Amino acid sequence: MLDFIRQLANPGMSFLLYAFLTGAVASVAFGIIGTYVVTRRITAIAGAIAHCVLGGIGIALYLKLNYQLAWCTPMLGAIVSALFSAIVIGLVSMYAKEREDTVIGAIWAIGMAVGLLFLAKTPGYIDLHSYLFGNILLVNADDFKVTLILDLVVLVPAILLFNNFLAVCFDSRFAELRGLRIKLTYLLLLCMTAMTIVLMVTIVGIIMVIALLTLPAAVAGYFTRRMWSMMALAILLSLVFTSSGLIVSYKWDLPSGPIIVVIAGGCYVLTVLYRLAVKRFLKK
Amino acid sequence: MKDQGSDIIVISDLSFAYESGNPVLENVNLNFRELETACIVGPNGGGKSTLLYLILGLIRPTGGQIKVFGTDPEKARMKIGYMPQFANLDSDFPVNVMDVVLMGRLSRNFFGRYSAGDRKLAIEAMEEMSVADLAQRPFSELSGGQRQRVLIARALACNPQLLLLDEPTANVDPCIQEQFYETMKALNNRMSILLVSHDLGFVSQRIDSVICVNRKVQVHPTNDLSGSMIRDIYGYDVSMIRHDHRCSEGGHRHA
């Protein structure tokens, strides 16, 4: 642990510092948006958006390397595709009379497939692995700046519109009757979720996004009774999960994404067991 | 009948059908007066909720007209305090009673911030429903009866002229129901109350008219009936109303 802190300060090990800072900054968005996702029960939508991100990354890399479009970065592709899929799912669930879970499943798979097809036709070596499973240790100074901006984009509306989001998540019909624009609020929430997912892809990768989005909030939900306190605890837990995962991954040379998810998952399972034990004990 | 007031809900020749084409409501004519209390009854699937949503402006009629407070239902919403069935809400949601009641003060402006005045109104509404001492309790830990009172308090926090209650007595034990009707009586002095219920045990004294909804709508005034007459006609535990007779739009009398 001490060794790790010493390494953080080592200028030769700046990647470690950036990884650590990225995890810390992103945790704020994870905790807040994760709480909305868990309480509003839109985990499946979050999963679909995450997998669509691969589509965006694939198209962006294809354009960048085949047509020498330097501005067409994977990050840009990820942001555009995440927003696009969030809006499509939101509109479909509001207006189309389709089964929502079927639409979510379709977008989930199509996004991923499109990404794989474009990547197959992209020349050169692509580190697909790091997109799928994340690698926080690859974060550089520029990535960190993007993380900061995305974090702010998510946080500002989340804090300013807290009461509106709370009302729409708890009882959207009542909120509508009080004159709130519930469809717009819901779409905004989905877009904020999309931005948070883009942040997460760098850290745990597309496949494991759902874990980092829901587990801290789920654990926090067991110990808190109000939205803001659930968010605060979820932020703290995200911070603990990402940084302890980083330490373990650095120390024992293990992939960071899976370690973070295993720590978060283990904590969740322990919480559930603890709750069961308490319930049993209290009944007797 | 307390018929001094003007009509706040006027429905004329209204019909409603979903896209599949099956009519849910047909030829509905209804007048609901200021400071009146009415109960909407009818079988499941008979169109009770549809009528409620039409009044709230959540759906639009396929034919005919509906005016609430003399205007489109959508524009009249802010004058209505709505209480949904609590079973439709997520019981695990992390909110306390104060959070819930404050939602009655939501409005479009100022990013949904609550002022000191909003908090004061919320507390008054909680006091009126005797839930002020629960203000800091999690909503998820309340009993069914308490949740209903909290949701009515939220509706009252809207400062409404019309209270719309969806199944306020469902899943609540009889002793609390009795309390509830007393509260309704007190509230009725300053606002109109329209409720949806399966339970008609209280028809005699507390409700001015019964609105029976089963694709068609019939209004049965209860003002001329005494409690004992109701018992004679329907038996003590009234849980249904007769639908086997026809009556004019203004209702009819049980001679």
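Me: Is B:Asp90 buried or exposed?
Reply: This is a predicted model, in which local features need pLDDT of at least 70, side-chain atom pairs count only at pLDDT 80 or more, and totals for chains, interfaces and linings use all residues. Residues are numbered from 1 along each chain as its sequence is written, chains are lettered from A and ligands numbered from 1 in the order in which they are written, and side-chain values use heavy atoms, with hydrogens and water left out. Buried means under 20% relative accessible area, exposed over 50%, and partly exposed in between (1.4 Å probe, protein chains only). B:Asp90 has a relative accessible area of 19%, so B:Asp90 is buried.

Me: With which residue does B:Asp90 form a salt bridge?
Reply: A salt bridge is a side-chain nitrogen of Lys or Arg within 4 Å of a carboxyl oxygen of Asp or Glu. The partner of B:Asp90 is A:Arg41, and their closest N and O atoms are 3.0 Å apart. B:Asp90 sits in the loop between β5 (80–83) and α3 (97–102) of chain B, and A:Arg41 in the loop between α2 (14–40) and α3 (43–67) of chain A, so the pair joins two chains. Helices (H or I, at least four residues) and strands (E, at least two) are DSSP runs, numbered from the N terminus. A:Arg41 counts as exposed, at 56% relative accessibility.

Me: Which residue of chain A pairs with B:Arg77?
Reply: B:Arg77 forms a salt bridge with A:Glu176, with 3.9 Å between the closest N and O atoms. B:Arg77 lies in the loop between α2 (73–76) and β5 of chain B, while A:Glu176 belongs to helix α9 (residues 172–177) of chain A, so this pair too joins two chains. B:Arg77 is buried at 10% relative accessibility, and A:Glu176 is partly exposed at 25%.

Me: How many salt bridges are there over all chains?
Reply: The count comes to 13. One of them links the side chains of B:Asp72 and B:Lys67 (4.0 Å, N to O). Shared partners join B:Lys67, B:Asp72 and B:Lys75 into one network.

Me: At what angle do helices α10 and α11 of chain A pack?
Reply: Axes are lines fitted to C-alpha atoms, for helices over the stretch in contact, and angles run from 0 to 180 degrees between N-to-C directions. Helix α10 (residues 182–204) and α11 of chain A pack at about 115 degrees, with their axes 8 Å apart. Angles under 35 degrees count as roughly parallel, over 145 as roughly antiparallel, 65 to 115 as roughly perpendicular and the rest as oblique. α10(A) and α11(A) are therefore roughly perpendicular.
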